[in-house]
Amino acid sequence: MAKVAAKTVTAAKTGRVARAKKGVDEKRVVGARLINMILKRLVDMNLPERHVADLMGITPIYWNSLTNGNRRMSSLPKDKLKRLADFLGVPLIQVYILAEHFDAEDFVIYRDLDTDLGRLIEHMRGDPKWLALAPSERELEEMPTRAKMLIAALYEALLHREFLKRVKLEIPE
């Protein structure tokens, strides 16, 4: 009887180790990097997967639906993600990022393109070397956006500076 129990425990541990080594498919499961990090931590601490479900206050079935991609890790509420952060020993923001709660666009400052181009032309007008080449207010108003962008790109390239670096440029047709 003891041998059977020992084999069951060994098989369960081997299954956890294999699953942690194999990991979750990152292309198919949203938050796979976080799930793989949790699985690795479970193996390192010699804990069963149901420990995570208990820790977060969810059912093992819900945990399985998260790990197989039927539910998204990013849909978990903040209190559950906070428990995961404490379990993993990482900041909460890292858990949010690994859960794919944020996109790269969430960290970009969107500004008005015409305003930014106008600021760049003002900078050109203040530069003694470029003053004669900067368009006047009247020329700037009549100029299509693509031409303004061309001037901005050339000016940036020649100065080796990026004035419009964080602007999401949507070129009008």
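**Reading the helices and their contacts**

Analyst: Directly following α4, Gly-69 adopts a positive phi of about 90°. Helices (H or I, at least four residues) and strands (E, at least two) are DSSP runs, numbered from the N terminus. The model is predicted, so local features need pLDDT of at least 70 and side-chain atom pairs count only at pLDDT 80 or more, while totals for chains, interfaces and linings use all residues. Residues are numbered from 1 along each chain as its sequence is written, and side-chain values use heavy atoms, with hydrogens and water left out.

User: How many helices and strands does the protein chain have?

Analyst: The protein chain has 9 helices and 0 strands, so read from the N terminus its elements run α-α-α-α-α-α-α-α-α.

User: How is the packing of two helices described?

Analyst: Two packed helices are described by the angle between their axes and by the distance between those axes. Here, the axes of α2 (residues 32–44) and α4 (residues 60–67) come within 10 Å and cross at roughly 125°. The axes are lines fitted to C-alpha atoms, for helices over the stretch in contact, with angles from 0 to 180 degrees between N-to-C directions. Helix α2 is therefore oblique to α4 (under 35 degrees is roughly parallel, over 145 roughly antiparallel, 65 to 115 roughly perpendicular, and the rest oblique).

User: Which residues make the contact of α2 with α4?

Analyst: Helix α2 contributes Ile-35, Ile-38 and Leu-39, and α4 contributes Trp-63, Leu-66 and Thr-67; contact means heavy atoms within 4.5 Å. By class, this contact has 5 nonpolar, 1 polar and no charged residues (Ala, Val, Leu, Ile, Met, Phe, Trp, Tyr, Cys and Pro count as nonpolar, Asp, Glu, Lys and Arg as charged, and the others, Gly among them, as polar).

User: Which residues of α4 are buried?

Analyst: A residue is buried under 20% relative accessible area, exposed over 50%, and partly exposed in between (1.4 Å probe, protein chains only). In α4, Trp-63, Ser-65, Leu-66 and Thr-67 are buried. Across the protein chain, 34% of the 173 residues count as buried. Trp-63 also has a polar partner: its side chain and that of Glu-49 are joined by a polar contact of 2.9 Å. Glu-49 counts as buried because its relative accessibility is 16%. A polar contact is a pair of N or O atoms within 3.5 Å; within protein, one must be able to donate a hydrogen and the other to accept it, and residues adjacent in sequence count only if both atoms are side-chain atoms.

User: Where is Arg-125 found, and which residues is it in contact with beyond its neighbours within four places in sequence?

Analyst: Arg-125 is found in helix α7 (residues 113–126) and counts as buried because its relative accessibility is 19%. Beyond those neighbours, Arg-125 is in contact with Leu-131, Ala-134, Pro-135, Ser-136, Glu-137 and Leu-140. With Glu-137, the side chain of Arg-125 forms a polar contact of 2.8 Å.

User: Is Tyr-155 buried or exposed?

Analyst: Tyr-155, in helix α9 (residues 145–159), counts as buried because its relative accessibility is 1%. Its side chain makes a polar contact of 3.3 Å with the side chain of Asp-127. Tyr-155 and Trp-130 are 25 residues apart in sequence, with a C-alpha to C-alpha separation of 8.9 Å. Met-149 also lies in α9 and is buried, with a relative accessible area of 15%. Between the C-alpha atoms of Met-149 and Leu-120, 29 residues apart along the chain, the separation is 10.0 Å.
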